[in-house]
Amino acid sequence: MQAAAADRKWMIKSENRILGPYSYDQIEDLLKKKQITLIDEVRDMDTRWMYVRESEALKAIVEEIREELANTDDHTKTYQTRTSQGLTKTGTITQELVQAENTKFEMPNFTNVTVEDAEFTEEDTTPAQKTLKPQAPAAAPATATTVANKAKAPQQYVSAADPVVNSQIRERSKLTLMILISILLAVIVVAGGSHFYQQRDKKKQEQQSVAQIRKYSLYGLENKVVEIFGNMSPEVQRQVLPEIIPMIPKLDSVGYINGTQTINNLKSNPGVNDQRKALLDIVQFIKSLQDQDLKKARESLIRAKDLDPSSELIKENDAILSYYEGKFDQATKTYSELYNTVSKGRWLFGWAISELAKPTTNAETESMLNHEIERYTEKAADFKKELLMINMLLDKRTAREEKFARDYKNYVAMPLGFRQRFQVPLSVFSGIYSTFTLRSVYEKLKPSLTPSEKFVLEMHMKLELGEVSAAQSLFSSYQSLVEDPAELANLRLQLDYALKDYSAVVAQQKTIDISKLNAAGHYVMILAKQKVNSQTSLIDDGLTAHVNFLRSEKNILGLWAQLVTMEPAKKQAFVQANSGAGEDFIPFLEVKGSAE
């Protein structure tokens, strides 16, 4: 149980704050340092909130803490002291209080001295000695005798009722009080100044955190937003939430907020404008669509459209919902309008799959889409692989075998999962842009493929879908269908990388002709070498050969290859100079987000 717990990440709810995520060792350290207690609440990503003392996974450390508490002696003793009422002493008494209480009270003796001669002395704390019979002193002048008596009798006392002595005591008390007040004021001033600067620094840090979370939210860097949000005070969290509404589901999933309650609170807040309230409805729309509740999704979208009718995000979600409702004419109409306004790969993809989902084909529209996809994929790489799959089907339908061969070659040369390098806004239901949606297109294409083409495309589809074990079995059984050694080597590289066998990817460089690698082969070789040689320079181990090949790609893939080997100080300028080519490209967004 403890070994399993050590692999988990834990959240802690302590004093109305949610902390974490922490490892098992970190929780053990926090408990031992008493920074959290056994009655605080804890959960991992798969369980509900429960007290630390109730968690089976943390049972070992809980028992250890309880044993330490049982061995701790909590008993303290209180000693009370008192002094005899009405007794005024003229010095600091160092006798033990028990002995002082048992001493018989006697009236003080007075010496025959003037006020000027009086002085405060300590009382003798040694036990009284037996009195010896005094000897007769020799005759001496009166003055000398007085001086001698002073020297021999250092313990001198004055009456508590003496007004002159009391006056001097009061003066000294006033001086002491003034000194104490001055020290106290100085302490207050220093403490107040320290508190002021601490509060100022805290305010400055909060402002910086808010600025960072706005920037990371703009660039769609979810993990950084979650990290900063978790370290904010509840007050600052409430302040920034209206500006990161699309992050509400993510923050809810890690336990930082209650998503439903947060949405209701923001909707009833008069300070939240209509555009942001529309985003709240979009959050609910996405949740309903994930639950496959199309009716609730439509209701949420209607509310959002009423609040912000010109929003591109709402129009895109409308097209997506129309697709799932089977209203393909409406979906193609909305997608085509969006694409003709701004050319984006995902909008062209949505347009194409909506058209192909119609029960009847339109040869003219499909021909136009075929041409538009060809034009777009020549210059752009976002959704290129998915669009090429659609184009291969359109090539077969129009018997354009030469174009099919070219599209097939470009398809297998595109890196696996490259679509995931491009940001889809959090306020858009991204499920439609997955390989699962493309599967219906592939099923229509399969009957027209040769055994070799079918095997290669099947391998790519399974790897894109994350079905790595199935792809490995398929490769073992049917690799002999591929006659071209270079094509087989490139496919093997993709499989090894999907299996996370990065050393095997790098090792293949010694057994294959590097000039025979396609763009996908060079791409995974760069990624694998980055992982294997993480402690060495990226220029090492022939990395530049792969980078130089990809630089010939006239799209974002070529720009990415240049970014890989670039010095950090130069990356910002490079990204800014090519911002138009990589508007939604996550590696570019990460470089922008790293700027202070």
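Predicted model: local features only at pLDDT ≥ 70, side-chain atom pairs only at ≥ 80, totals over all residues.
The protein contains 28 helices and four strands. Of its 596 residues, 39% count as buried. Contacts across the sequence are well represented: among those between residues at least 6 apart, 59% join residues at least 24 apart. The protein exposes about 35,400 Å², and carbon and sulfur atoms supply 51% of that area.

The largest nonpolar core has 65 residues, and Met389, Ile390 and Tyr433 are the ones that touch the most other members. For tyrosine 433, the contacts beyond four places in sequence are Glu316, Ile320, Tyr335, Arg346, Trp347, Phe349, Phe383, Arg419, Val424 and Val428. A second, separate core holds 31 residues, including Ala381, Met414, Phe422 and Ala561.

Two further buried positions are worth a visit. Alanine 331 is found in helix H14 (residues 328-341), and with a relative accessibility of 0% it counts as buried. Leaving aside neighbours within four places in sequence, alanine 331 is in contact with Ala319, Ser322, Tyr323 and Ser354. The C-alpha atom of alanine 331 lies 9.1 Å from that of glutamate 316, a residue 15 places away along the chain. Not counting residues up to four places away in sequence, aspartate 407 touches Leu388, Asn391, Met392 and Asp395.

On the surface, Leu175, Ile179, Leu180, Ile183 and Val187 form a nonpolar patch. Together these residues have about 480 Å² of accessible area. Isoleucine 179, one of the patch members, sits in helix H6 (residues 163-218). Its relative accessibility of 46% makes isoleucine 179 partly exposed.

Several backbone features can be picked out by eye in the model. Glycine 20 and proline 21 are joined by a cis peptide bond, with omega about 0 degrees; proline 21 belongs to strand E2 (residues 17-22). Alanine 399 has a positive phi of about 55 degrees although it is not a glycine. This alanine 399 is placed in the loop between H17 and H18 and, at 59% relative accessibility, counts as exposed. Lysine 500 likewise has a positive phi, near 65 degrees, in a residue other than glycine. Lysine 500 lies in the loop between helix H22 (485-498) and helix H23 (502-507), and at 63% relative accessibility it is exposed.

Turning to charged pairs, a search of the whole structure finds 29 salt bridges. One of them links arginine 375 and glutamate 372, with an N to O distance of 2.3 Å. Both residues are in helix H16 (residues 363-379), and because they are three residues apart there, about one helical turn separates them. Arginine 375 is partly exposed, with a relative accessible area of 35%, while glutamate 372 is buried at 14%.

Glutamate 401 and lysine 396 also meet through their side chains in a salt bridge, at 3.1 Å from N to O. Glutamate 401 is partly exposed, at 43% relative accessibility, whereas lysine 396 is buried at 19%. In another pair, glutamate 355 forms a salt bridge with lysine 358, where the closest N and O atoms are 3.1 Å apart. Glutamate 355 is buried, with a relative accessibility of 5%. Finally, a network of salt bridges links Arg298, Lys305, Asp318, Glu325 and Lys327.

Key. Residues numbered from 1 in each chain as written. Heavy atoms only, no water. Core = buried A, V, L, I, M, F, W, Y, C linked by side-chain atoms within 4.5 Å. Buried < 20%, exposed > 50% of the residue type's maximum accessible area, 1.4 Å probe, protein only. Contact = heavy atoms within 4.5 Å. Patch = residues over 30% accessible without salt bridge, like charges linked within 9 Å, V, L, I, M, F, W, Y side chains within 5 Å. Areas by Shrake-Rupley, 256 points an atom, 1.4 Å probe, with all protein chains shown as cover. Salt bridge = Lys/Arg side-chain N within 4 Å of Asp/Glu carboxyl O. Helix = DSSP H or I, 4+ residues; strand = E, 2+ residues; numbered from the N terminus.
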